[in-house]
Amino acid sequence: QLQLVESGGGLVQSGGSLRLSCSATGGTLEKYFLGWFRQVPGKEREGISCISTRGGSVNYAESVKGRFTISRDNAKNTWYLQMNSLKPEDTGIYFCAADGPLCSLGIGSVSDYMIWGQGVRVTVSS
């Protein structure tokens with residue numbers, strides 16, 4: 001059973017950067033479409049990015065486009081979310097997810113992904 005563990009969250013000032021990582025154990029990631037979601041208090045979990053099996057196709061939510069970059073390293077069984085120009089509204093719990101839908105068609109919803117990490121907190125101060 002594939003298990004996912006996020007890391008890299010923390011507290012950063014507005015305009016700063018963070019890189020989240022999601023590492024998998026118990027199996028290989030290379031056959032999966034992968035995604036990142038975030039959840040802020042009082043709101044539903046939203047998809048913010050996805051990546052295809054070899055990284056050739058990526059997708060971003062409008063709210064993060066141009067600031068966030070998703071990537072993957074199948075050899076390391078890990079994928080990443082580089083977050084630049086962070087804003088206070090980026091504050092939330094970030095989740096990595098695997099076994100999602102075809103990324104070229106869109107990020108998909110929570111129910112489209114079968115495997116989830118436990119989440120990592122990102123706080124952006126103003």
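Arg38 is buried, at a relative accessible area of 5%. Buried stands for under 20% relative accessible area, exposed for over 50%, and partly exposed for anything in between (1.4 Å probe, protein chains only). This is a predicted model: local features need pLDDT of at least 70, side-chain atom pairs count only at pLDDT 80 or more, and totals for chains, interfaces and linings use all residues. Residues are numbered from 1 along each chain as its sequence is written, and side-chain values use heavy atoms, with hydrogens and water left out.

**View 1. Arg38 forms a salt bridge with Asp90.** A salt bridge here is a side-chain nitrogen of Lys or Arg within 4 Å of a carboxyl oxygen of Asp or Glu. Side chains of opposite charge can pair when their charged atoms come close. Between Arg38 and Asp90, the closest N and O atoms are 2.8 Å apart. This pair links distant parts of the chain, 52 residues apart: Arg38 lies in strand E4, and Asp90 lies in the loop between strand E8 (78-83) and E9. Asp90 is buried, with a relative accessible area of 0%.

**View 2. Glu46 forms a salt bridge with Arg38.** Their closest N and O atoms are 2.9 Å apart. Is Glu46 buried, exposed or partly exposed? Glu46 counts as partly exposed, at 32% relative accessibility.

**View 3. Glu62 forms a salt bridge with Lys65.** The closest N and O atoms of this pair are 2.7 Å apart. Glu62 counts as exposed, at 65% relative accessibility. Lys65 is partly exposed, with a relative accessible area of 46%. Elsewhere, salt bridges that share partners join Arg38, Glu46, Arg67 and Asp90 into one network. How many salt bridges does a search of the whole structure find? The search finds four.

**View 4. Strand E9 (residues 92-98) is mostly covered.** Six of its seven residues are buried. Strands (E, at least two residues) and helices (H or I, at least four) are DSSP runs, numbered from the N terminus.

**View 5. E9 pairs with strand E4 (residues 34-39) in the antiparallel sense.** Two strands pair if DSSP finds at least two bridges between them. E4 and E9 pair over six bridges. Which residue of E9 is the bridge partner of Gln39? The partner is Ile93.

**View 6. E9 also pairs with strand E11 (residues 120-125) and with strand E10 (residues 115-116).** The pairing with E11 is antiparallel, over three bridges. There, Arg121 is the bridge partner of Ile93. The pairing with E10 is antiparallel too, over two bridges. Ala97 stands opposite Trp116 in E10.
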